[in-house]
Amino acid sequence: MSTLERLQRWLGLGGSCAPGIRPDTRKAQTRDLGIRRAPLPPEVSLALNDNSHKPWAETLLEVNDGDWVRAGQRIARPVGHLALPMHAPISGRVNLTDAAAHNAPQETSSDAPGLSKDAPGLSRDAQEHASDAPGIVIVAEGCQQILTMRPLAAKQASPEQIFERIAEAGIAGMGGAGFPAALKARAAHRAGIDTLLINAAECEPYITADDALLRHDAEKVVSGALILARATGATRIVAGIEDDKPEAAEALSAALAMSALPTDVVIIPTRYPSGGERQLIDRLLARRMTPQQLPVDVGVLCHNPATLAAIHDAVILGLPAITRIVTLAGQALSAPGNVEARVGTPAATLLADAGLDTSRLAKLIDGGPLMGHQRSLASAATTPTTHCLIAATEQELPSPPPPSPCIRCNDCVPACPAGLAPQQLWWHTRVEDDARAKAHGLLACIECGACDYVCPSHLPLAASFGEAKRRLRVADAERARADQARARFDARKERMQREHDEREARRQARKAALRRPAPKTPADDHAPTSSAPADLRSLRIAQAAAKAALRKAEKALERAAQQQQPSEVLADLESQQSTAREHLEAANAQLAAARQEAPTS
């Protein structure tokens, strides 16, 4: 790019001013080859949890070493609310002994995927993606018939039955994020959405899995979309697809034309990353979200075609999510294409079937070249979110040169689809000034790598922003834990003070009862008394203590509700408030009774 072109681009003059980039799509390798079924692997390797070890995303194994399992059988149940059940992709024998070897960290290159604007090579630092999470290996053995669930009558099933089936099938978002589809659907149902958006853009280079699915079976995708729309209350279906997929767009339009709901297929220019969820919603529906908002907050539920097809299979056919379509591409393959593979199939098995030449293989990328991760051929296996495996040669994706200092060219600003200033964020994140980076919109970054692509200094911008966001998430989690601990401490302190006040009130009441005089006789009517004022004084003290305890309990509950404390903390504080109110009512009753008994002056 010349200096004049760069200046025009920075000023927004000449050419297209739309954000994003236009890399070589490289989809011709696999676009017109259809979908073939991959052979059953001799064994599959499944990771129970990801590298984050988050308790809200954990699963618990339900089988033992040596057990025989059937394809489709549930072998792990979810523990955390973001976890999904796991099903056996093949029938065979469980081998937990080999799981450690399959899931051990492997040596990877220091280069990471990412297309360069100057040459088709890598432009980011390494992001090693070797899993050290506990896993399970199943060795194929016996009949391979899939164990299915009872099919549902989609039109008669309630929304909750649909959501339960999606969760039971273990369906995650197959576009890359892997968020549980049932959670998204339930949130959309509660929020009251009006639009179901089919994200068929598939904008990253090499990947044609969704394109092939729409060409081959658009009716299944639309069926899943209608099931989800009916369950969530969406009143229309909108699909967004890039203009380099005319056959898929035509098939999708024909399938949607049979729908009773209003539908629309929008053709958008081919530009990366047009498939970003927020960018697509803004472009198609003119609904812009803040970094804190989710699509359901603006009335939209967004899914890609593979996820919708899996929902159709789970509801109509009762099939668990144990297969997915994977694009196998790269110049190290003699027979690239799109294959329907079982989850957990070793990458080596799939690539060998596609004619892998290991002597030419320079790097294996799980995902696209801009947002994917480099993997080791020995340990890589497909997951529910694996939509592409690229077996690239060194000439195809050459390693990038070492990073050099930022020259403030500002090329990254018009390339950013989130409208950020990556150059400014870079200066803050490289010194770990995450608070200032957050103030400059760090949380809006989608880590698409567009800024890396245009950076003439080959800086690892997206990786730096991703690391800063992880630091912020860790800090927020620690702050939340500290707030919860402080709330529990304050609640305990107030409870102890209240119990002390109650004990003191009871002691004063007992003391007053002991000092209360015997019943008076007629001869004592005109006798002076001095104990009644003392009794009333002690009861008023007890009443004041009970009032103070109730005020403390009410303030503690109000503060916890404002801080959005966990439900168990709020329940404890509500119980404390109720007890304090009961003690106050008892003190009021005792004081009223004492006043009636006391002689008038």
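Colleague: Which residue in strand 14 stands opposite Thr-195?

Modeller: In this predicted model, strand 11, residues 195-199, pairs with strand 14 in the parallel sense, and four bridges make up the pairing. Opposite Thr-195, the residue in strand 14 is Val-300.

Colleague: Are the residues on the two faces of strand 14 buried or exposed?

Modeller: Side chains in a regular strand alternate between the two faces of the sheet. In strand 14, residues 300-303, one side carries Val-300 and Cys-302, while the other carries Leu-301 and His-303. Both faces are covered, and these four residues are all buried.

Colleague: How is Ala-140 classed by its relative accessible area?

Modeller: Ala-140 belongs to strand 10, which spans residues 135-140. Its relative accessible area is 32%, and because values under 20% count as buried and those over 50% as exposed, Ala-140 is partly exposed.

Colleague: What distance in space, C-alpha to C-alpha, separates Ala-140 and Pro-42?

Modeller: Once neighbours within four places in sequence are set aside, the contacts of Ala-140 include Pro-41, Pro-42 and Glu-43, and also Ile-90, Ser-91 and Gly-92. Although Ala-140 and Pro-42 are 98 residues apart in sequence, their C-alpha separation in space is 5.3 Å.

Colleague: Which strands stand at the edges of the open sheet of six strands?

Modeller: The order in this sheet is 1-16-15-19-17-18, and the pairing is mixed. Each edge strand has a single partner strand, so one side of each is left without a neighbour in the sheet. Neighbouring strands are turned against each other by 30° on average, direction ignored. The edges are formed by strand 1 (35-37) and strand 18 (373-375).

Colleague: Which residue in strand 16 is the bridge partner of Arg-37?

Modeller: Strand 1 and strand 16, the latter covering residues 337-342, run parallel and are joined by three bridges. The bridge partner of Arg-37 in strand 16 is Glu-340.

Conventions:
Residues are numbered from 1 along each chain as its sequence is written. This is a predicted model: local features need pLDDT of at least 70, side-chain atom pairs count only at pLDDT 80 or more; totals for chains, interfaces and linings use all residues. Side-chain values use heavy atoms; hydrogens and water are left out. Buried means under 20% relative accessible area, exposed over 50%, partly exposed in between (1.4 Å probe, protein chains only). Two strands pair if DSSP finds at least two bridges between them. Contact means heavy atoms within 4.5 Å. Axes are lines fitted to C-alpha atoms, for helices over the stretch in contact, and angles run from 0 to 180 degrees between N-to-C directions.
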